[in-house]
Amino acid sequence: MRLDIQNVSKRYNYKKYGLKEYSLSIEKGILGLLGPNGAGKSTLLKMIATISKPSEGIILLNKNNVIKDPNYMRKQLGYLPQDFGVYPNLNAYEFLSYMAALKGIGGNQLNQKINFLLEGLNLIEVAKKPIGNYSGGMKQRIGIAQALLNNPKIVLFDEPTVGLDPEERVRFRNLISELANDCIVILSSHIVSDIDTIADEVAIMKEGRLLSQGTQKTIVDTVKGKVFETIIAKEDIHNFANNHIVLNTIRKKDKITVRHISETGYGQHTPCTATLEDAYLYTTKK
Ligand SMILES: Nc1ncnc2c1ncn2[C@@H]1O[C@H](COP(=O)(O)OP(=O)(O)O)[C@@H](O)[C@H]1O
Ligand SMILES: [Mg+2]
């Protein structure tokens, strides 16, 4: 599997771009799309899913232009939109059977597949209750299940971990790791910890542009040896922030522990182990 996004822009109106001159390529594995709200994550995923068309540029799946031939993508695609909606009166079995019918999936294997997904997403016990009574996290898991019904080769999850509790996140992660053996999986989030335990590669984006892409290690290495913590007096924070790239602050009484990037590390700074969060904040702030 290979996905190539080449010079793609999405223009919503005369002055508003959702995505600008965006290029990215991936082969099999899990790609985490990381960016603050408004970065263009959903815009990008919708275009890959062939729900919307780029204003410029092309998208290729295994060298096939999916803007000209959207069915080539759709046949192999699983997609969880950010604003995924359910039919509240249907139970999980009915809803997934319905979604399967829309996707043209049937046969003997279908019930087995539905049970497998409900099991993996911990929904078996509630599967006969109407989805309208489910919690946000349960609805989200139904959304994840419907995306996987057709054994997709390319799976797009737009903010999949919203509403999931820590235990559900672990289950989701396990399911995705199993899935990702010979597929492309792209998941978006604005929360670093949702991505860092699961993604092979990370793409950091902001304001419609790709800022960096690489393995977690490559991205973390961009700030390696430059992350420090310093304890300063509360009143010194403004001055400090003017002269340093501040990543994070923790207040304790009249002192502040400041985590920051420094090229030199001079003064009373304690060196820290760089994390993906540090690299993300550095890349999106600078
Ligand atoms: N239908 C639309 N019409 C106009 N602007 C839009 C539309 N959809 C998204 N945008 C704008 O495009 C930018 C990217 O949005 P989006 O892709 O939803 O970002 P993200 O998913 O990263 O939060 C934002 O500035 C958003 O306001
Ligand atoms: Mg979004």
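Two strands pair if DSSP finds at least two bridges between them. Keep that in your heads, everyone, while we walk through this one. Helices (H or I, at least four residues) and strands (E, at least two) are DSSP runs, numbered from the N terminus.

Quick housekeeping. It's a predicted model, so local features need pLDDT of at least 70 and side-chain atom pairs count only at pLDDT 80 or more, while totals for chains, interfaces and linings use all residues. Residues are numbered from 1 along each chain as its sequence is written, chains are lettered from A and ligands numbered from 1 in the order in which they are written, and side-chain values use heavy atoms, with hydrogens and water left out.

Okay, strands. S4 (residues 56-61) pairs with S1 (residues 2-11) in the antiparallel sense, over 5 bridges. If you want to find one of those on screen, look at Ser9, whose bridge partner in S4 is Glu56. S4 also pairs with S5 (residues 64-65), again antiparallel, over 2 bridges. There, Leu60 has Asn65 in S5 as its bridge partner. S4 and S5 make a hairpin with 2 residues between them, and Asn62 in the turn has a positive phi of about 50°.

Now the open sheet. What order do its 6 strands come in? It goes S6-S7-S8-S3-S9-S10, with mixed pairing. S6 and S10 (209-215) are at the edges with a single partner strand each, so one side of each has no neighbour in the sheet. On average, neighbouring strands here are turned by 15° against each other, direction ignored; the axes behind that angle are lines fitted to C-alpha atoms (for helices over the stretch in contact), and angles run from 0 to 180 degrees between N-to-C directions. At one end of that order, S6 pairs with S7 (residues 154-158) in the parallel sense over 4 bridges, and Tyr79 has Leu156 in S7 as its bridge partner.

On to the ligands. Which protein atoms are donors for the magnesium ion, ligand 2? They're Ser42 (OG) and Gln82 (OE1), lying 2.1 Å from it. Donors here are N, O and S atoms within 2.8 Å of the metal (3.2 Å for Na, K and Ca), and water is not among the atoms, so sites may look incomplete.

Are they buried or exposed? Buried means under 20% relative accessible area, exposed over 50%, and partly exposed in between (1.4 Å probe, protein chains only). Ser42 comes out at 18%, so we call Ser42 buried. Gln82 has 47%, so Gln82 is partly exposed.

Ser42 turns up again around ligand 1, in a list that also includes Tyr12, Lys16, Gly38, Gly40 and Thr43. To be on that list, a residue needs a heavy atom within 4 Å of the molecule. Some polar contacts, meaning pairs of N or O atoms within 3.5 Å: a polar side-chain atom of Lys16 is 2.8 Å from an oxygen atom of ligand 1. Gly38 gets a backbone N or O atom to 2.7 Å from an oxygen atom of ligand 1, and for Gly40 that backbone distance is 2.9 Å. The protein covers 64% of the 570 Å² of accessible area that ligand 1 has on its own.

Last stop: His244, in the loop between helix H9 (237-243) and strand S12 (245-252). With 14% relative accessibility, His244 counts as buried.

Note on methods
A polar contact is a pair of N or O atoms within 3.5 Å; within protein, one must be able to donate a hydrogen and the other to accept it, and residues adjacent in sequence count only if both atoms are side-chain atoms. Accessible areas come from the Shrake-Rupley method with a 1.4 Å probe; for residues, only the protein chains shown count as cover.
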